[in-house]
Every structure is written in structure tokens, then in C-alpha cells.
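Please keep the sequence and the structure in view while reading.

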Amino acid sequence: MRIRAVTRDELPLLTELERAAGAPFAAIGMPEIAEDEPPAPEELAHYLEQGVALLAEAPDGTVAAYLLAEPVDGALHIEQVSVRPDHARRGIGRALIEHLADTTNAPALTLTTFAEVPWNAPYYARCGFRPLAGEELTPGLREIRRKEAEHGLDRWPRLCMRRDLGRQEPDRR
């Protein structure tokens with residue numbers, strides 16, 4: 001498996017992959033998530049310019065997974081990790097997260113996720129993330145959660161998580 005940056009020409013592949021990665025949500029009673037339209041390539045381009053867009057290629061050249069992240073309040077916020085179902089449970093998502101952790105100068109990684117979906121919060125906890133209490137949420141994380149609630153994601157329990165990377169927090173004065 002090879003991890004590398006996404007190119008602009010590959011953005012449509014991420015939309016396709018997102019549709020496939022969302023399908024398992026239907027089997028656990030979350031059909032709205034499975035049927036949710038993924039962001040268009042034009043929306044995903046933001047991560048090429050303002051954040052991080054990584055993909056994992058299988059040995060045969062297939063795009064097996066991707067990760068999107070952007071700076072939020074001094075941390076690097078993981079917006080999305082999606083793995084093609086036929087490549088799931090092989091450590092690809094974890095490899096993307098570890099690559100991000102190893103290559104960023106940010107002091108922490110953050111994300112928001114479904115609390116009770118096995119391949120969401122419990123998985124991220126195994127990857128070193130911890131749930132954040134309400135008073136630990138930064139203004140940026142509160143804004144992300146507000147937008148998620150507007151999108152209807154609060155129909156299922158959600159939470160913010162953080163993985164400290166042992167680096168110095170930037171001075172925001």
C-alpha cells in the first residue's frame with residue numbers, strides 16, 4: 001500500500017469512494033448516512049489548497065481509502081477517513097491516520113464522529129483518540145458540531161475526539 005497526496009484529477013474518485021464507504025451504514029439502521037450525497041469534487045478541492053488530502057493506493061493501483069484534514073484552532077482536524085468496503089479491516093484507515101500524525105507539525109489531531117458506530121468512535125479510541133468533554137471544545141470544534149447538527153447528524157449520538165501528538169501548542173497571542 002502506498003500513501004500519497006491526492007491530485008486535483010483524482011477528486012472525482014473520492015466522491016465515488018465515499019458512496020461505497022457509506023453503504024455499510026444502511027445495515028446498522030442509518031440509511032440516511034448511507035444515502036447522503038458526498039461532497040462534489042469542487043468542494044473537496046478546498047483540502048488541496050487549505051488542508052491535507054491523502055489517499056491510500058492498493059498494490060494494484062486501486063484507490064482504497066482517503067483522508068481529508070484541515071487546521072482548526074491550532075490542531076489538524078480530520079474531516080473524513082473513508083475506506084472502500086472491499087479494503088476494510090486491513091489497517092488502511094489507521095495507516096492514513098498514522099501518516100498524518102507523523103507528517104504534521106500540529107500538536108494534536110481532532111475529529112468528530114458517531115459515538116456508537118463500531119468503526120467510528122470505538123475505532124478512533126483504539127487509534128489513540130480520546131473523547132472531549134464539552135468544556136474542552138474549541139470555538140472551531142463547536143462550529144463544526146453546529147454545522148453537523150444542521151445537517152441532521154445529531155439524530156445519532158456524536159462526539160468530538162482528540163489525539164495529542166506531544167508537540168508544543170502554538171502561541172495564539
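Strand 4 and strand 5 pair in the parallel sense over three bridges, where strands (E, at least two residues) and helices (H or I, at least four residues) are DSSP runs numbered from the N terminus, and two strands pair if DSSP finds at least two bridges between them. The model is a predicted one, in which local features need pLDDT of at least 70 and side-chain atom pairs count only at pLDDT 80 or more, while totals for chains, interfaces and linings use all residues. Residues are numbered from 1 along each chain as its sequence is written, and side-chain values use heavy atoms, with hydrogens and water left out.

Strand 5 (residues 108-114) is mostly covered, since seven of its seven residues are buried, a word that means under 20% relative accessible area, with exposed meaning over 50% and partly exposed in between (1.4 Å probe, protein chains only). Ala108, Thr110, Thr112 and Phe114 point one way from strand 5, whereas Leu109, Leu111 and Thr113 point the other way, and all are buried.

Strands of a sheet pair through backbone hydrogen bonds, either parallel or antiparallel. Strand 1 and strand 2 run antiparallel and are joined by four bridges, and within this pairing Arg4 has Leu55 of strand 2 as its bridge partner.

Helix 6 (residues 121-126) includes Ala121, which is buried with a relative accessible area of 7%. Leaving aside neighbours within four places in sequence, Ala121 is in contact (heavy atoms within 4.5 Å) with Thr113, Phe114, Ala115, Leu159 and Met161. The C-alpha atoms of Ala121 and Leu111, ten residues apart along the chain, are separated by 9.7 Å.

The aromatic side chains come next. A search of the whole structure finds five aromatic pairs; rings of Phe, Tyr and Trp (its six-membered ring) pair if their centres lie within 6.5 Å, and planes under 30 degrees apart count as stacked, over 60 as edge-to-face and the rest as tilted. The rings of Tyr124 and Phe129 have centres 5.9 Å apart and planes at 75 degrees, so this pair is edge-to-face. Both partners count as buried, Tyr124 at 8% relative accessibility and Phe129 at 4%. Ring pairs also link Phe25, Phe114, Trp119 and Trp156 into a cluster. The charged end of Arg158 sits over the ring of Phe114, 4.4 Å from its centre, a description that applies if NZ of Lys or CZ of Arg is within 6 Å of the ring centre and within 35 degrees of the ring normal.

How many salt bridges does a search of the whole structure find? There are 14 salt bridges, each defined by a side-chain nitrogen of Lys or Arg within 4 Å of a carboxyl oxygen of Asp or Glu. One of them joins the side chains of Arg2 and Glu57 (3.0 Å, N to O). Arg2 lies in strand 1 (residues 2-5) and Glu57 in strand 2 (residues 52-57), so the pair ties together parts that are 55 residues apart in sequence. Arg2 is partly exposed at 46% relative accessible area, whereas Glu57 is buried at 15%. These two residues also belong to a network of salt bridges that links Arg2, Arg4, Glu10 and Glu57.

A further salt bridge is formed by the side chains of Arg163 and Glu98 (2.8 Å, N to O). This pair links distant parts of the chain, with Arg163 in strand 7 (residues 158-164) and Glu98 in helix 5 (residues 92-103), 65 residues apart. Arg163 is buried, with a relative accessible area of 13%, while Glu98 counts as partly exposed at 24%. Finally, the side chains of Arg130 and Glu136 meet in a salt bridge (2.9 Å, N to O), and here Arg130 is partly exposed, with a relative accessible area of 33%, and Glu136 is partly exposed at 33% relative accessibility.
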